[in-house]
Amino acid sequence: MTPNDSNPNETSFFNRPDGLARVLALGDSTGDLWSPEEMQAMWQHQLSALLQIDLDSMHAFRLAELKDAPELQRFLAKSFGDLLLDPQPPFELLKITKDFAKETLKSGEDSQLNAIATALYHAAYAAAIVAGQKRLGGMDDAELKRGFEWAVSRVWLDDSTRKLIGQASDSLSSGR
Amino acid sequence: MDPETHKLSEVSESSADFPGTIWLQVTDRKSVIHKYRDALRVYLVCLLAPFPDYRDEADDLLHDFILKKILQPGWLEMANPSKGRFRDFLKSSLRHFVASESRKREAEKRGGKTQAIPLDDLEQEIPGSEPDADSFDLAWLQLLLDETLHQMEKSCAVSDCGHIWNIFQVRLLRPALEGVDPLPYPEVIAQFGFKSPAQATNALASAKRMFARHLRAVVAQYETGDAAVQAELEGLRLFLARTAPAEGQKSRPNTKSQLPRPNPQGSTPPLPPAH
């Protein structure tokens with residue numbers, strides 16, 4: 001569909017300076033791609049994304065090493081959300097998830113996608129802490145606390161993940 | 001091909017009439033003229049509007065302008081980038097040509113005796129913005145954007161990236177052209193089958209970059225060099241802001257029918273350390 005293909009009534013914006021200005025601005029690199037209200041849908045989409053689809057692209061070799069591990073078999077067709085909320089999430093899979101989120105941040109230019117990745121990063125850390133496991137990486141308590149506070153303050157975060165991160169943050173405070 | 005000079009290394013530069021580096025530019029510009037003659041016609045019609053005796057002469061005058069000026073060897077080379085924009089050169093040249101032609105015709109009618117005629121006024125510089133020039137620039141911009149969208153759609157079809165064109169339409173182009181709401185995120189992922197936010201975001205970002213690339217390529221058909229292309233785009237933006245100041249000064253309207261706004265929760269998230 002280009003203006004010449006459209007109903008003349010529908011191309012009225014193309015004949016007006018304001019419409020032309022909007023079209024001319026379509027290539028601008030500034031500004032968010034999605035509305036703030038859509039962030040919730042994006043986060044839900046991330047939680048429901050299958051682990052294998054996203055992680056495969058970046059960590060195929062690590063997944064290949066782990067795929068025969070018994071504790072990982074049950075997660076092969078599961079989602080990120082399933083992993084984070086599992087009472088006994090496999091440590092290595094949380095670690096891969098954390099690294100995947102970190103690489104998305106390093107290579108990504110989109111601020112909204114980066115926000116999703118940051119939330120996922122801290123959710124992975126939180127899941128490991130709540131499951132009573134060792135830390136996924138070298139972040140200290142102060143850094144984690146800041147990250148957890150940032151994550152739970154996102155209006156688009158779902159209640160279950162907010163609760164998970166809150167529990168992890170509380171355990172940091174209590175020194176566990 | 002060197003994008004700056006349009007120079008083909010294999011083109012001979014021994015021609016006395018058309019050195020190889022310029023010939024390709026001239027050829028490109030002929031195709032530009034062919035594409036933008038509609039804009040020139042719009043301008044000409046507006047120029048002639050105050051002169052009833054010449055209103056029906058627009059097509060003939062444009063035809064003669066193209067034959068006697070544009071297609072003449074060396075004429076297009078007078079369009080010097082350092083002297084201003086190419087389309088301003090076209091407008092100014094057409095204006096002078098029309099005044100000159102009308103003088104000749106009037107002189108012929110009077111058996112060779114010349115006298116001042118109203119169209120001499122066309123050669124006077126009109127201070128400030130002129131409606132005639134705005135009509136040309138608007139028409140030029142419409143053709144430019146139409147060509148950009150056409151090239152982008154064609155490029156997506158050829159490279160089997162139809163989904164890029166489609167997501168560009170539903171999220172960006174239709175809202176801009178028709179004032180409709182962008183297709184919501186859940187419907188985007190359902191329609192296109194994106195498996196993650198990264199896939200959806202990357203597709204939409206690619207579409208924007210592709211539009212920007214094609215826009216620059218279309219402008220580069222008549223403006224030489226990155227700086228000239230950038231200046232032309234900026235000039236067109238300023239022109240639109242001037243032409244529609246009420247719209248240009250508004251922030252995006254606070255209605256449903258709008259493109260995404262900056263995220264109010266967009267504070268920079270804490271970045272993970274390098275471990």
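The exercises below go from confidence to fold, domains, helices and one histidine.

Residues are numbered from 1 along each chain as its sequence is written, while chains are lettered from A and ligands numbered from 1 in the order in which they are written. This is a predicted model: local features need pLDDT of at least 70, side-chain atom pairs count only at pLDDT 80 or more, and totals for chains, interfaces and linings use all residues.

**Exercise 1. Find where confidence in chain B is lowest and highest among its helices.**

Step 1: Recall that pLDDT is the predictor's confidence in each residue, from 0 to 100. Chain B has a mean pLDDT of 75, with 68% of its residues at 70 or more.
Step 2: Compare the helices. Confidence is lowest in α9 (residues 245–249) of chain B, with a mean of 50, and highest in α6 (residues 185–192) of chain B, at 97.
Step 3: Where pLDDT is low, the predicted coordinates should not be read in detail.
Step 4: For the complex, the predictor gives an ipTM of 0.87 and a pTM of 0.76.

**Exercise 2. Describe the secondary structure of chain B.**

Step 1: Count the elements, taking helices (H or I, at least four residues) and strands (E, at least two) as DSSP runs, numbered from the N terminus. Chain B has nine helices and zero strands.
Step 2: Check how far apart contacting residues are. Of the contacts in chain B with a separation of 6 or more, 59% join residues 24 or more positions apart.

**Exercise 3. Work out which elements of domain 1 of chain B touch domain 2 of chain B.**

Step 1: Domain 1 of chain B is 20–125 and domain 2 is 134–247.
Step 2: Size the contact. Domain 1 of chain B gives 15 residues and domain 2 of chain B gives 13.
Step 3: Name the elements. On the domain 1 side, α1 (20–48) and α3 (86–109) of chain B each give two or more residues, and α1(B) has the largest share, ten residues.

**Exercise 4. Where do the buried residues of α2(B) lie around its axis?**

Step 1: List them. In α2 (residues 58–70) of chain B, the buried residues (20 or more other C-beta atoms, placed from the backbone, within 10 Å of their own) are Ala58(B), Leu61(B), Leu62(B), Phe65(B) and Ile70(B).
Step 2: Look down the axis. These residues fall within an arc of 100 degrees (taken from the directions from the helix axis to the C-beta atoms), so they line one face of α2(B).
Step 3: Turn to the other side. Asp59(B), Asp60(B), His63(B) and Leu67(B) are exposed there (12 or fewer such atoms).

**Exercise 5. Is His214(B) buried or exposed?**

Step 1: Locate His214(B) in α7 (residues 197–219) of chain B.
Step 2: Count its surroundings. His214(B) has 20 other C-beta atoms within 10 Å, so it is buried.
Step 3: Identify its contacts. Leaving out residues up to four places away in sequence, His214(B) touches Thr148(B), Gln151(B), Met152(B) and Ser155(B).

Key:
Contact = placed C-beta atoms within 7 Å. Domains from an automatic or database assignment.
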